[in-house]
Amino acid sequence: MTFGRHRPISPVPVMQPTIQTITDVFDNRGNDSYGVEAVTQLQHALQSGLLAEEAGAGTGLVVASLLHDIGHIFEAESLPESCDENMDDRHEFRANCWLKEQFGPEVADPIRLHVLAKRYLCTADSGHEETLSPTSRKSYHDQGGTMDAEERAAFESEPFFREALELRKWDDLAKDTDKTTPSLEHFHPALEAYLKSV
Ligand code: FE
């Protein structure tokens, strides 16, 4: 009996470690509910990323939009599922050091600022609060409500405050139960591009 030459074993593709971590986080917790909203954490993330992409945002802001709430599911705690509880889990800070290390401030800072951005928008426009979902309105008050002049000035002094305001718009829209989104893999090139640029 003769054996032919061994065929080379094609290597199993290894995912870039940061993208693997993000994939694992969404595999583990992506089906968690987004508080009391009707969409899951993964749907909310994909819709946010897609809205940014559709608006022609730069790659960093697309990545920031996709990952803006990863702090909700990065660690073991869940977002409260009842509006009777305090909704401020300070999620915008939870994964921030890790995000900054992996992607730099263009991604990490709009994420860190996206809760302040809601407070800024509600302070600047008294009608803005009415446009928020009930959960977002409740968390707005738990997160501090209206900003005073000093807080507004501090927010405006942040280099990425405009990006945070953009991200916030998509965040508030990304709760559509009927919206079709691509999978997480669709965003791999954007994630890779941004990882490489740090
Ligand atoms: Fe969000």
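Is threonine 40 buried or exposed? At 18% relative accessibility, threonine 40 counts as buried, where buried means under 20% relative accessible area, exposed means over 50%, and partly exposed covers what is in between, with a 1.4 Å probe and protein chains only.

## The model and its chain

This is a predicted model, in which local features need pLDDT of at least 70 and side-chain atom pairs count only at pLDDT 80 or more, while totals for chains, interfaces and linings use all residues. Residues are numbered from 1 along each chain as its sequence is written, and side-chain values use heavy atoms, with hydrogens and water left out.

The secondary structure of the protein chain comes to 13 helices and 0 strands; helices (H or I, at least four residues) and strands (E, at least two) are DSSP runs, numbered from the N terminus. Of the 198 residues in the protein chain, 46% are buried. Among contacts between residues at least 6 apart in sequence, 73% join residues at least 24 apart, where contact means heavy atoms within 4.5 Å.

Threonine 40 has its place in the loop between helix H1 (17–29) and H2. Not counting residues up to four places away in sequence, threonine 40 touches Gly30, Asn31, Asp32, Ser33 and Tyr34.

Helix H3 (residues 59–67) is largely enclosed by the rest of the structure, because 8 of its 9 residues are buried. The buried residues of H3 are Gly60, Leu61, Val62, Val63, Ala64, Ser65, Leu66 and Leu67.

## The second largest cavity

A search of the whole structure finds 2 cavities of 30 Å³ or more. On a 1 Å grid over the protein atoms alone, a cavity is a set of points where a 1.4 Å probe fits but cannot get out, and lining residues have an atom within 4 Å of a point. Grid points are joined across faces, edges and corners, and a volume is the space filled by probe spheres set on the points. The second largest cavity holds about 40 Å³ of space.

The lining of the second largest cavity is formed by Phe26, Gln41, His44, Ala45, Leu66, Asp69, Ile70 and Ile73. Helix H2 (41–54) and helix H4 (70–74) are the elements that give two or more residues to this lining, and the largest share, 3 residues, comes from H2. By class, the lining has 5 nonpolar, 2 polar and 1 charged residues, where Ala, Val, Leu, Ile, Met, Phe, Trp, Tyr, Cys and Pro count as nonpolar, Asp, Glu, Lys and Arg as charged, and the others, Gly among them, as polar.

## Phenylalanine 74 in helix H4

Phenylalanine 74 is found in helix H4, and with 26% relative accessibility it counts as partly exposed. Although phenylalanine 74 and valine 25 are 49 residues apart in sequence, they are 6.3 Å apart in space, C-alpha to C-alpha. Phenylalanine 74 touches Val25, Ala95 and Trp98, when residues up to four places away in sequence are not counted.

## Helices H6 and H7

Helix H6 (residues 96–103) and helix H7 (residues 105–112) pack at an angle of about 155°, and their axes are 7 Å apart. That makes H6 roughly antiparallel to H7. Axes are lines fitted to C-alpha atoms, for helices over the stretch in contact, and angles run from 0 to 180 degrees between N-to-C directions; angles under 35 degrees count as roughly parallel, over 145 as roughly antiparallel, 65 to 115 as roughly perpendicular and the rest as oblique.

On the H6 side, Asn96, Leu99, Lys100 and Phe103 meet Pro105, Glu106, Val107, Ala108, Asp109, Ile111 and Arg112 in H7. By class, this contact has 6 nonpolar, 1 polar and 4 charged residues.

## Helices H8 and H12

In H8, His114, Val115, Ala117, Lys118, Arg119, Tyr120 and Cys122 are buried, and what covers them includes helix H5 (91–94), H7, helix H9 (128–131), helix H10 (134–142), helix H11 (149–156) and helix H12 (161–173). Leucine 121, which also has its place in helix H8 (residues 114–124), is partly exposed, with a relative accessible area of 21%. Leaving aside neighbours within four places in sequence, leucine 121 is in contact with His128, Leu165 and Arg168.

Alanine 164 lies in helix H12 and is buried, with a relative accessible area of 0%. Alanine 164 touches Pro110, Leu113, Ala117 and Phe155, not counting residues up to four places away in sequence. One of these, leucine 113, is 51 residues from alanine 164 in sequence and 5.8 Å from it in space, C-alpha to C-alpha.

Technical notes:
On a 1 Å grid over the protein atoms alone, a cavity is a set of points where a 1.4 Å probe fits but cannot get out, and a pocket is an open set with protein on both sides within 12 Å along at least five of seven lines; lining residues have an atom within 4 Å of a point.
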